[in-house]
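Here's a walk through one model, taken a piece at a time.

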Amino acid sequence: MDSHEPAPPAASNAVGRLGSEYALSAAYDEMFDRDLQPRPHYRTLARLLQSLTPDEFRRRKTMTDLSMRRDGVGFTVYRAEEGIERVWPMDPVPRIIPAHEWQQIEIGLTQRITALNLFLDDIYHDQKILKDRILDPQLIYGGAYFRREFVGAKVPKRIYIHVCGTDLIRDADGNYLVLEDNGRTPSGVSYMLQNRQVLKRVFPLVFQQYNVRSTDDYPAALLDVLKYIASGFSADPTAVLLSPGMFNSAYFEHSFLAQRMGIELVEGRDLVVDQNRVFMRTTRGLQKVDTIYRRIDDDFLDPLTFRSDSMLGVPGLVNAYRAGNVALANSIGTGIADDKGIYPFVPDMIRYYLKQDPILPNVETFRPEIPAQLDHVLANIDKLVVKKVNESGGYGMLVGPASTKEQQDTFRDLLRACPRDYIAQPTIQLSTHPTFVDGRLEGRHVDLRPFVLTGEKTVIVPGSLTRVALPKGSLVVNSSQGGGSKDTWVLATDE
């Protein structure tokens, strides 16, 4: 995609020798304005970078990697049948978000999660949005993650999505746009917390010069949510985190969060259902479980209801849930809300349920199941990003400008065969951020994943996972596809 970016302006020395060759592109740059001057909230950081030599910065980058390795912060990349364990990649140049921008993000995400929860409650009960033809019922009934068996089921506190990771990007003018909502089992928050701990060790002096809001309360806030949704049937709920096990790519996060919340980390074999109640096997006998933060997808949650070949779930768990004896976070069936085929309608949901205009707009999206839009996508596939509606992690997608003719032809065939399974969006040049590469700072594309908790109230811990596309020109930020990360500083004030 480099060929689609204009020639960069003259190099800047605003960050000294480290950034002597730093160049802007057509994308919005988080640190520098179009005159290559640091934006106001980055000036202190830029002065620090000016004082560092490449060798000194390389030493701090090495400290970052060693800290991650020593703390056991890793993730697994699946290739064929082989899992590859890797140390979590973090770039030591932090991203900084001023207070007024975060306030807009907070308000916009609260509005969005409120609408998504109202939508889920509606389609699993009255289905008013379908009767009023705001949404085509076939979009819902044809969605892979719509759970017909849960229509009419009571959900504790009528909250479906308790934990959501919403991906935001910025366009060339710096406007925040929602790229997608992750409302099933979103991951990444442990890396957000770990990035902060490591950066405070690597750059203690510059961190102290900023009034950065703390993210330390996230585990406590998550535990509050878990206990709140079980408060209707237990005065002092017992919570557990249900993991697929140590071979899962996010197992580090599962163990990290369970430890920080002070709850048991369990696998399916550790739980048993008796009389529609869930119990945990312990050395002291069975202990009743009231609320489960489950990190297992619906399909594998209960072999008696979903996939019978699942070895990860708990037989009878769904009946216990339907009987109102245990709470689940997130609820069953939330996947229909983060189906990319439903995503284009979230602004309509906000208008329908809340009578408000969306604060955070969507990215323009084409729906190939509409014949005219299919024609447009087929004719312009080399300029668009095509995504499969139920894939994540950067899989099942085509980045048109970076694709070969053969790949484009393959996706044309897929689009013609199953148009409901795909969406297409313009190729937006995600914003860039200075990133340490080969001994100097270069611009790399980034996105932003804040984490939204919904219980008695909606809480958005002031911080996010900033993901970085490390290969030059790449727009794919997923860690499984070669992406890295940055610590994200949300400032308490704009002063």
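**A polar pair, then the sheet and its helices**

Let's start with a side-chain pair: serine 234 and aspartate 290 are joined by a polar contact of 3.5 Å between their side chains. A polar contact here is a pair of N or O atoms within 3.5 Å; within protein, one must be able to donate a hydrogen and the other to accept it, and residues adjacent in sequence count only if both atoms are side-chain atoms. Before going further, note that this is a predicted model, where local features need pLDDT of at least 70 and side-chain atom pairs count only at pLDDT 80 or more, while totals for chains, interfaces and linings use all residues. Residues are numbered from 1 along each chain as its sequence is written, and side-chain values use heavy atoms, with hydrogens and water left out.

Back to serine 234, which sits in the loop between helix 8 and strand 6. Helices (H or I, at least four residues) and strands (E, at least two) are DSSP runs, numbered from the N terminus. Serine 234 counts as buried because its relative accessibility is 17%; buried means under 20% relative accessible area, exposed over 50%, and partly exposed in between, using a 1.4 Å probe and protein chains only. Threonine 110 is 124 residues from serine 234 in sequence, and their C-alpha atoms are 28 Å apart in space.

Two strands pair if DSSP finds at least two bridges between them; strand 6 (residues 239–242) and strand 11 (residues 291–294) run parallel and are joined by four. To see one of these, find leucine 241, whose bridge partner in strand 11 is tyrosine 293. Axes are lines fitted to C-alpha atoms, for helices over the stretch in contact, and angles run from 0 to 180 degrees between N-to-C directions.

Helix 9 has helix neighbours too. Which residues of helix 8 meet helix 9? They are Tyr218, Pro219, Leu222, Leu223 and Leu226, and on the helix 9 side you'll find Leu257, Arg260 and Met261. By class, this contact of helix 8 with helix 9 has seven nonpolar, no polar and one charged residues. Ala, Val, Leu, Ile, Met, Phe, Trp, Tyr, Cys and Pro count as nonpolar, Asp, Glu, Lys and Arg as charged, and the others, Gly among them, as polar. The axes of helix 8 (residues 218–229) and helix 9 (residues 251–261) come within 9 Å and cross at roughly 80°. That makes helix 8 roughly perpendicular to helix 9; the label covers 65 to 115 degrees, with under 35 counted as roughly parallel, over 145 as roughly antiparallel and the rest as oblique.

Helix 6 (residues 189–202) also packs with helix 9, at an angle of about 70° and with their axes 9 Å apart. Helix 6 and helix 9 are therefore roughly perpendicular to each other. Here Val189, Ser190, Tyr191, Leu193 and Gln194 of helix 6 meet Phe252, Glu253, Phe256 and Leu257 of helix 9. The residues in this contact of helix 6 with helix 9 divide into six nonpolar, two polar and one charged.

Now for the loop between strand 12 (327–329) and helix 11 (346–354), where threonine 334 is found. Asparagine 330 is in the loop between strand 12 and helix 11 as well, and a cis peptide bond joins alanine 329 to asparagine 330, with omega about -5°. Is threonine 334 buried or exposed? Threonine 334 counts as buried, because its relative accessibility is 1%. Leaving out residues up to four places away in sequence, threonine 334 touches Leu120, Tyr160, Ile161, Gly183 and Arg184. The side chain of threonine 334 reaches the backbone oxygen of glycine 183 at 2.8 Å.

Last, look at the loop between helix 5 (137–141) and strand 4 (163–170), which holds lysine 157. Lysine 157 has a positive phi of about 60° although it is not a glycine, and arginine 158 likewise has a positive phi of about 60°. Lysine 157 is partly exposed, with a relative accessible area of 38%, whereas arginine 158 is exposed, at 55%.

Note on methods. Contact means heavy atoms within 4.5 Å.
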